[in-house]
Amino acid sequence: MAKITDINQGDLLTFKAADNRFKMLLCTSTSKEKSPQYFIFSALTYDSFEKPTTSNINNIEFFGIGNRKSDYFKYSDNELKKMWSIHPETEPYFLGSYGFLIVRKDFMKFRDNFEVIGTLNIIDHLDKNGNGSMNISNWELIKDFFANRINSVMQDRRQKTFKIAAIIKP
């Protein structure tokens with residue numbers, strides 16, 4: 001497994017949580033221009049003893065919400081058309097993801113626990129059209145949170161799951 005040296009929008013990362021099951025994160029955006037550099041991820045619903053592959057990615061969902069129509073972080077008409085064809089219940093609102101922020105300096109300390117398994121060409125502004133985030137720049141927190149608390153916390157924060165196919169660029 002190669003050491004992760006950089007992360008970009010669309011990268012799919014997998015890791016084993018405290019329950020010894022594989023989980024997945026999707027990088028929705030990065031900030032690399034100034035310090036502190038950071039990555040924002042969306043949590044995916046993958047939860048298995050088997051290592052994930054990109055071949056079954058369309059069966060996976062991400063945590064987020066369809067709650068606003070933003071002129072500032074607008075999606076293209078084609079992106080909206082695809083989004084609403086997969087999730088018509090959200091129209092006229094935009095889908096957005098719940099963000100998990102990891103500062104690059106912290107990520108580099110525990111990067112050996114992650115593996116990049118592929119990259120998706122996802123829509124821009126996914127995390128900016130969401131309505132919440134949390135900082136998870138600690139490996140112990142990550143592996144415990146994703147094993148024991150993610151579903152209850154996402155439910156408490158009124159986050160739903162949406163098909164990942166809805167956010168892949170047409």
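Guide: The model is predicted, so local features need pLDDT of at least 70 and side-chain atom pairs 80 or more, while totals for chains, interfaces and linings use all residues. Residues are numbered from 1 along each chain as its sequence is written, and side-chain values use heavy atoms, without hydrogens and water.

Visitor: Which residues of H3 are buried?

Guide: In soluble globular proteins, nonpolar side chains tend to be buried together. In H3, Trp-139, Ile-142, Phe-145, Phe-146, Ile-150, Val-153 and Met-154 are buried (under 20% relative accessible area, 1.4 Å probe, protein chains only).

Visitor: What lies at the start of H3, and what follows H3?

Guide: At the start, a side-chain oxygen of Asn-138 comes to within 2.8 Å of the backbone nitrogen of Glu-140. After H3 comes Arg-158, with a positive phi near 60 degrees.

Visitor: Which residues touch the most other members of the largest nonpolar core?

Guide: A nonpolar core is a set of buried Ala, Val, Leu, Ile, Met, Phe, Trp, Tyr and Cys residues joined through side-chain atoms within 4.5 Å. Among the 27 residues of the largest one, they are Phe-41, Phe-100, Phe-107, Phe-114, Ile-142 and Phe-146. H3 gives the most to this core, 7 residues.

Notes. Buried means under 20% relative accessible area, exposed over 50%, partly exposed in between (1.4 Å probe, protein chains only). Helices (H or I, at least four residues) and strands (E, at least two) are DSSP runs, numbered from the N terminus. A polar contact is a pair of N or O atoms within 3.5 Å; within protein, one must be able to donate a hydrogen and the other to accept it, and residues adjacent in sequence count only if both atoms are side-chain atoms.
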